[in-house]
Amino acid sequence: MSSIYEKYGLKQVINASGRMTALGVSTPAADVVDTVKYGLNHYFEMKDLVDKTGTYIAGLLNVENAVVVSCASAGIAQCVAATIVKDDAWLLENLHAAPLQVPHDIVVPKGHNVNFGAPVGTMVTLGGGRVVEAGYSNECSPAQLAAAITPQTAAILYVKSHHCVQKSHLNVEQAAAVARQHGVPLIVDAAAEEDLQCYYQAGADLVIYSGAKAIEGPTSGLVIGRQQYVEWVKRQTNGIGRAMKVGKEGILGLTHAIENYLTQQKTTGAEMVEKMTPFIASLNTLHGVTARVVWDAAGRDIARTEIAFDEAAIGQRTGDLVQALKNGAIAIYFRGYKANEGIIEVDVRSVTPEQLNTIFTSVQTLLNGEKSA
């Protein structure tokens with residue numbers, strides 16, 4: 001409601017950057033919100049709630065086991081801790097108390113050791129692990145991944161994300177084959193991915209999703225995987241997981257959101273293209289601006305608008321333009337990963353046609369040398 005913005009002096013936001021944590025990720029459906037409210041207003045035996053909802057989700061996804069966690073990054077930390085601690089009761093309570101005498105190296109393709117808003121390595125360290133990079137930033141083959149495995153390896157971590165280097169890197173199925181060959185588990189961080197089954201089916205032992213991104217649930221995360229490994233993740237409730245516990249409302253809300261996600265028709269890339277076509281046509285009328293459709297670099301069925309600025313023609317740096325749009329009366333956020341190249345992207349999934357028009361007029365105003373609305 002607008003009064004919330006007024007009460008706290010907040011700016012309204014047009015989220016053209018996608019399901020981004022910095023903007024609150026997504027807006028859950030009304031029935032998910034109702035489920036969250038129900039959870040807030042009732043009591044449960046929490047261990048029973050965790051186990052029963054996990055079993056229910058596992059049945060929905062046809063996997064061995066599942067557990068709701070507080071977010072995907074917490075999922076990374078707890079999965080790492082689970083593969084190190086396992087059933088060791090002393091280690092569960094003393095993970096960071098002394099140098100670890102058990103395998104705790106986490107092998108990560110070098111091109112996957114990224115900052116997604118926080119460093120992957122920080123989550124690994126929080127879970128008691130030590131990052132060991134495999135391959136190079138521009139390549140990691142199955143052989144290069146295997147070469148990094150030693151008797152001190154606790155797990156392989158594969159990050160499936162647009163943040164990661166895409167070229168010349170092995171896929172999840174190849175990473176799973178390496179893991180099986182060397183007798184170590186494979187953890188897949190698939191936080192923003194849309195397929196809730198393919199990485200498990202490809203051989204991953206633990207797969208982590210954000211509950212609030214593609215699934216559009218409340219702030220939460222989901223870990224699915226093999227029975228024993230997920231049980232070890234659950235044990236972290238009495239270890240590092242205590243500092244990142246998920247509430248009853250998050251557990252119930254995400255479980256309901258997963259049901260919705262599996263049954264409701266999703267917006268296709270083709271529908272996104274149709275939505276953005278008039279917007280692209282308008283942008284291409286502006287001097288020094290070229291707009292076109294581009295597809296998600298990580299292979300998801302997501303179409304976006306790429307806007308390229310001829311900085312010499314418009315007399316402005318793209319980064320300055322992006323910052324000015326954030327600083328307007330309505331804050332407009334883009335995907336700015338290539339702003340240094342004069343390119344930004346618009347993710348239209350959370351943007352209405354009216355908001356697309358606001359974006360166009362705001363860009364037009366700034367290019368004309370006026371202040372953004």
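This is a predicted model: local features need pLDDT of at least 70, side-chain atom pairs count only at pLDDT 80 or more; totals for chains, interfaces and linings use all residues.
Helices (H or I, at least four residues) and strands (E, at least two) were taken as DSSP runs and numbered from the N terminus. Residues are numbered from 1 along each chain as its sequence is written, and side-chain values rest on heavy atoms, with hydrogens and water left out.

Strand β12 spans residues 343-347 and contains E345. Residues were classed as buried under 20% relative accessible area, exposed over 50%, and partly exposed in between (1.4 Å probe, protein chains only). E345 has a relative accessible area of 15% and is therefore buried. With contact taken as heavy atoms within 4.5 Å, and residues up to four places away in sequence not counted, E345 touches A16, V294, R304, T305, E306, F334 and R335.

One of these contacts of E345, E306, forms a salt bridge with R292, in which the closest N and O atoms are 2.8 Å apart. The pair links distant parts of the chain, with E306 in strand β10 (residues 303-309) and R292 in strand β9 (residues 289-295), 14 residues apart. A salt bridge is defined here as a side-chain nitrogen of Lys or Arg within 4 Å of a carboxyl oxygen of Asp or Glu. E306 is buried, at a relative accessible area of 8%, while R292, at 47%, is partly exposed. Salt bridges with shared partners also join E194, D296, R304, D347 and R349 into one network. By this rule, the count of salt bridges comes to 14.

Another salt bridge is formed by K110 and E133, whose closest N and O atoms are 2.6 Å apart. K110 lies in the loop between β3 and α6 (120-126) and E133 in strand β4, so the pair ties together parts that are 23 residues apart in sequence. Both ends are partly exposed: K110 has a relative accessible area of 32%, and E133 has 35% relative accessibility. A further salt bridge joins R317 and D320, with 3.0 Å between the closest N and O atoms; D320 is partly exposed, with a relative accessible area of 43%.

K110 is also in contact with G135, as are C140 and Q144, when neighbours of G135 within four places in sequence are left aside. G135 is located in the loop between β4 (130-134) and α7 (142-147). Its relative accessibility of 24% places G135 in the partly exposed class. The C-alpha atoms of G135 and K245 are 35 Å apart in space, and the two residues are 110 apart in sequence.

Strand β5 (residues 153-159) has 7 of its 7 residues buried, so the strand is largely enclosed by the rest of the structure. β5 pairs in the parallel sense with strand β3 (residues 105-109) over 3 bridges, pairing being assigned if DSSP finds at least two bridges between two strands. I156 in β5 is the bridge partner of V107. β5 also pairs in the parallel sense with strand β6 (residues 186-189), over 4 bridges, and there the bridge partner of L157 is I187.

Nonpolar cores were defined as sets of buried Ala, Val, Leu, Ile, Met, Phe, Trp, Tyr and Cys residues joined through side-chain atoms within 4.5 Å. The largest such core has 45 residues, and L145, I156, L186, V188, V207, L222 and I224 have the most contacts inside it. Helix α11 (residues 248-263) supplies the largest share of this core, 6 residues. A second, separate core comprises 39 residues, including A77, A82, V114 and I208. Among the contacts of L186, beyond neighbours within four places in sequence, are I156, Y158, V172, A175 and A176.

In helix α10 (residues 227-235), the residues Y229, V230, W232, V233 and K234 are buried. The elements covering the buried residues of α10 include α3 (46-61), β2 (65-69), α4 (72-85), β7 (206-210) and β8 (221-225).
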